[in-house]
Amino acid sequence: MKNHVFTFALLVTLLTGFAASAQKLVKKDGRYKIAVVDLMILKRQKLSAFQLSKELGADGVEVDMGGLGDRETFDNKLADDTIRALFQDKAKEFNLQIASLAMTGFYAQSFPERPTAVKAVGDCINTMKKMNVKVGFLPLGIKGDLTKFPELRPAVVSRLKEVGKMAEKAGVVIGVETALSATDELQLLKDIGSPAIQIYFNFSNAIQNGRDLYKEMEILGSHICQIHCTNKDSVWLQNDKAINMTQVKQVLDKIGYRGWLVIERSRDATDPRNVKRNFSANVAYMKSIFQ
């Protein structure tokens with residue numbers, strides 16, 4: 001009887017040790033990390049975004065480059081060495097990472113038509129290099145929807161070829177968001193011909209255009225550099241019937257995706273400005289699935 005008790009105790013000890021080792025391995029591996037968008041938590045390019053992101057439970061922050069408006073380039077405080085250092089120090093203080101730099105100023109602009117578009121993206125690339133941030137988010141803007149403005153495709157391709165050369169030289173990746181299907185995005189990337197231009201995938205684009213979210217991700221595969229893992233504002237991710245997050249994880253595991261899942265929207269439409277309530281709920285849910 002004593003031998004059986006000893007054997008059972010030893011088995012429990014071994015299993016507990018294996019479980020602890022596995023947990024350490026997963027934690028060390030960190031295949032998936034969850035970030036929030038500073039603009040959407042109402043902290044656009046503000047130091048206080050880091051403390052708030054920590055309170056929300058996130059692993060990192062997507063930091064915005066600032067507005068564009070009629071300026072030649074972004075209203076970018078991070079161009080200042082002192083301010084840039086403050087941002088990096090604040091990230092370390094709260095044990096957070098800067099997941100990416102976002103050029104959301106282009107949402108209200110037209111990348112294929114704006115005269116200083118390439119220069120503005122170049123300024124973002126320079127900031128990325130100085131901050132050791134590897135991914136930049138570039139929406140193509142109000143006339144960058146090539147399904148509605150196919151005549152602007154040559155300008156998009158030409159300009160992204162220029163951007164690609166700069167990004168390759170800097171050792172970074174620019175992730176573009178388009179309204180195209182995954183198959184058409186692959187063709188766009190082929191036409192651009194630069195490994196430094198990839199797709200910043202947004203769940204909402206696939207869902208709102210009636211495409212199969214899971215198949216789109218499979219088609220793009222390794223061409224996805226980062227993901228905005230939210231839908232339009234209506235309900236939290238855990239209540240969104242348009243997204244099966246367990247299936248999303250299965251697809252991302254299959255295609256070998258590693259990196260950031262960045263929470264942009266999916267706010268409760270009845271309480272959209274309650275940052276802590278909306279984003280902490282979405283962060284907690286994403287971590288329950290991916291971590």
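Which unit do β4, helix α5 (residues 153-170) and β5 make? The views below are taken from a predicted model, in which local features need pLDDT of at least 70 and side-chain atom pairs count only at pLDDT 80 or more, while totals for chains, interfaces and linings use all residues. Residues are numbered from 1 along each chain as its sequence is written, and side-chain values use heavy atoms, with hydrogens and water left out.

**View A. Strand β5 and its crossovers.** β4, α5 and β5 make a right-handed β-α-β unit; right-handed denotes a path from the first strand over the helix to the second that runs clockwise with the strands pointing away from the viewer. Helices (H or I, at least four residues) and strands (E, at least two) are DSSP runs, numbered from the N terminus.

**View C. Burial of β5.** Strand β5 (residues 173-177) is largely enclosed by the rest of the structure, because five of its five residues are buried (under 20% relative accessible area, 1.4 Å probe, protein chains only). Val173, Gly175 and Glu177 point one way, whereas Ile174 and Val176 point the other way. In a regular strand the side chains alternate between the two faces of the sheet.

**View D. The largest nonpolar core.** This core has 91 residues, of which Ile174 and Phe203 touch the most other members; such a core is a set of buried Ala, Val, Leu, Ile, Met, Phe, Trp, Tyr and Cys residues joined through side-chain atoms within 4.5 Å. Helix α4 (residues 117-131) gives the most to this core, with eight residues. Leaving aside neighbours within four places in sequence, the contacts of phenylalanine 203 (heavy atoms within 4.5 Å) include Leu213, Met217, Ile243 and Val248.

**View E. The largest cavity.** The cavity has a volume of about 70 Å³; a cavity is a set of points on a 1 Å grid over the protein atoms alone where a 1.4 Å probe fits but cannot get out, and lining residues have an atom within 4 Å of a point. Grid points are joined across faces, edges and corners, and the volume is the space filled by probe spheres set on the points. Among the lining residues are Glu177, Tyr200, Asn205 and Arg211. The largest share of the lining, four residues, comes from β6.

Notes
Buried < 20%, exposed > 50% of the residue type's maximum accessible area, 1.4 Å probe, protein only. 1 Å grid on protein atoms, 1.4 Å probe; cavity = no way out; pocket = protein on both sides within 12 Å on 5 of 7 lines; lining within 4 Å.
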